[in-house]
Amino acid sequence: MSSNLESAKDMFVFLGKSLFSILEALLFQLISKPKKNVAGEIVLITGAGSGLGRLLALQFARLGAVLVLWDVNKEANEESLQAARDAGATRAHAYTCDCSQREEVYRVADQVKKEVGDVSILINNAGIVTGKKFLDCPDDLMEKSLDVNFKAHLWTYKAFLPAMVANNHGHLVCISSSAGLVGVNGLADYCASKFAAFGFAESVFLETSAQKQNGIKTTIVCPFFIKTGMFEGCTTACPSLLPILEPEYAVRKIVEAILQEKLYLYMPKFLYFIMFLKSFLPVKTGMLIADYLGVFHVMDGFTGPKKKA
């Protein structure tokens, strides 16, 4: 009898909490969720030398964060450092680091801890794209894609998560991709790396939640193509539904998601609907939708980042 009462009690508690969480989510659809203050937080951004990384640095500079900028390109990273200082950063540091090299990540991470302090917001943004069909892509390029886009996340988490756990305070940000949600013709290795990054970030979120480390937040970002030059030449057949995103818009939404501690951010919002359809539609229907949206041909004109003269 007592076990039945206990089961009923657990069920009512579960239903009550579930209802509350749904109502809370609906409420924050109507009104903006409060934004946290990141002034003084140590924010590390990988791939900070250009594109999203540089723009993220500028945004966090304006918010009063302490910046730690990582990039494999020293000259470009120094330019980002200067731009961040011009944007108002009073404490900003640039480090040259190849995030695909585990020992280099650990070495530079130790340097950051000694010279700056414990990183409290980690933004894994560095990424590369080969843009080649699977059978045309050399093994070394595929390995590099996985090393930069996924494995680097393992090493940065290993380096900086322990301090977050010790302090029960931190924020882990994974810049994945819409290609981490659905497969894309011509992006097999890239999709593999972004699916992996998404799954890894989500799994660590569940680990920290299961261990009641509620002070450690996670944000996983999945944007469609962004006009940073990384996907130069790519097109969209339905710009009204799947537009190629402006970098400034994307960064504004990413920073907003971090400040509001959102777990998932898909851009554009149409991706939420795509994922809903993917969960139940027949495969043939899904393929017809993909064909209609031009997904099979988005990479046809890919040229990749323009090389500097």
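Reader: Which members of the largest nonpolar core touch the most other members?
Author: In this predicted model, they are Trp70, Leu187, Phe231 and Met299, and the core has 56 residues. At least two residues of this core come from each of β1, β2, α4, α5, β5, α6, β6 and α8. The largest share, eight residues, is supplied by α5.

Reader: What makes a set of residues a nonpolar core?
Author: The members must be buried residues of the listed nonpolar kinds, joined through side-chain atoms within 4.5 Å. In soluble globular proteins, nonpolar side chains tend to be buried together.

Reader: What does Phe231 contact beyond its neighbours within four places in sequence?
Author: Val129, Leu187, Tyr190, Phe225, Met299 and Phe302 are in contact with Phe231. Two of these, Leu187 and Met299, are also named with Phe231 among the core members that touch the most others.

Reader: Which residues does the second core include?
Author: Leu56, Leu67, Leu245 and Leu265 are among them; this core is separate and has 32 residues.

Reader: How do you know that β2 is largely enclosed by the rest of the structure?
Author: Six of its six residues are buried, so the strand counts as largely enclosed. Val66, Val68 and Trp70 cover one side, and Leu67, Leu69 and Asp71 the other; all are buried.

Reader: Why is Phe273 called partly exposed?
Author: Its relative accessible area is 43%. Buried needs a value under 20% and exposed a value over 50%, so Phe273 falls in between. Phe273 is in helix α8.

Reader: Why is Ala179 called buried?
Author: The relative accessible area of Ala179 is 3%, and the limit for buried is under 20%, so the word applies. Ala179 is in the loop between β5 and α6. Leaving aside neighbours within four places in sequence, Val184, Tyr190, Cys191, Lys194 and Phe195 are in contact with Ala179.

Reader: How do you know that Arg54 forms a salt bridge with Glu79?
Author: The closest N and O atoms are 3.4 Å apart, and the cut-off is 4 Å, so the pair qualifies. Arg54 is in helix α2 and Glu79 in helix α3, 25 residues apart. Both count as partly exposed, Arg54 at 23% and Glu79 at 36%.

Reader: What makes Asp98 and Lys144 a tie between parts of the chain?
Author: Asp98 lies in the loop between β3 and α4, while Lys144 is in helix α5, so their pair ties together parts 46 residues apart in sequence. Their closest N and O atoms are 3.5 Å apart, and they form a salt bridge. Asp98, at 18%, counts as buried, whereas Lys144, at 32%, counts as partly exposed.

Reader: Where do Lys151 and Asp147 lie?
Author: Both are in helix α5, four residues apart, which is about one turn of the helix. Asp147 is buried at 18%, and Lys151 is partly exposed at 37%.

Reader: How many salt bridges does a search of the whole structure find?
Author: Eight salt bridges are found.

Reader: How do you know that the peptide bond from Met267 to Pro268 is cis?
Author: Its omega is near -5°. Pro268 is in the loop between β7 and α8. Most residues other than glycine have a negative phi, and most peptide bonds are trans.

Reader: What is the phi of Asn168?
Author: Phi is near 45°, a positive value in a residue other than glycine. Asn168 lies in the loop between α5 and β5, and with 36% relative accessibility counts as partly exposed. Glu261 also has a positive phi, near 55°. Glu261 is in the loop between α7 and β7 and is partly exposed at 31%.

How values were computed:
Residues are numbered from 1 along each chain as its sequence is written. This is a predicted model: local features need pLDDT of at least 70, side-chain atom pairs count only at pLDDT 80 or more; totals for chains, interfaces and linings use all residues. Side-chain values use heavy atoms; hydrogens and water are left out. Buried means under 20% relative accessible area, exposed over 50%, partly exposed in between (1.4 Å probe, protein chains only). Contact means heavy atoms within 4.5 Å. A salt bridge is a side-chain nitrogen of Lys or Arg within 4 Å of a carboxyl oxygen of Asp or Glu.
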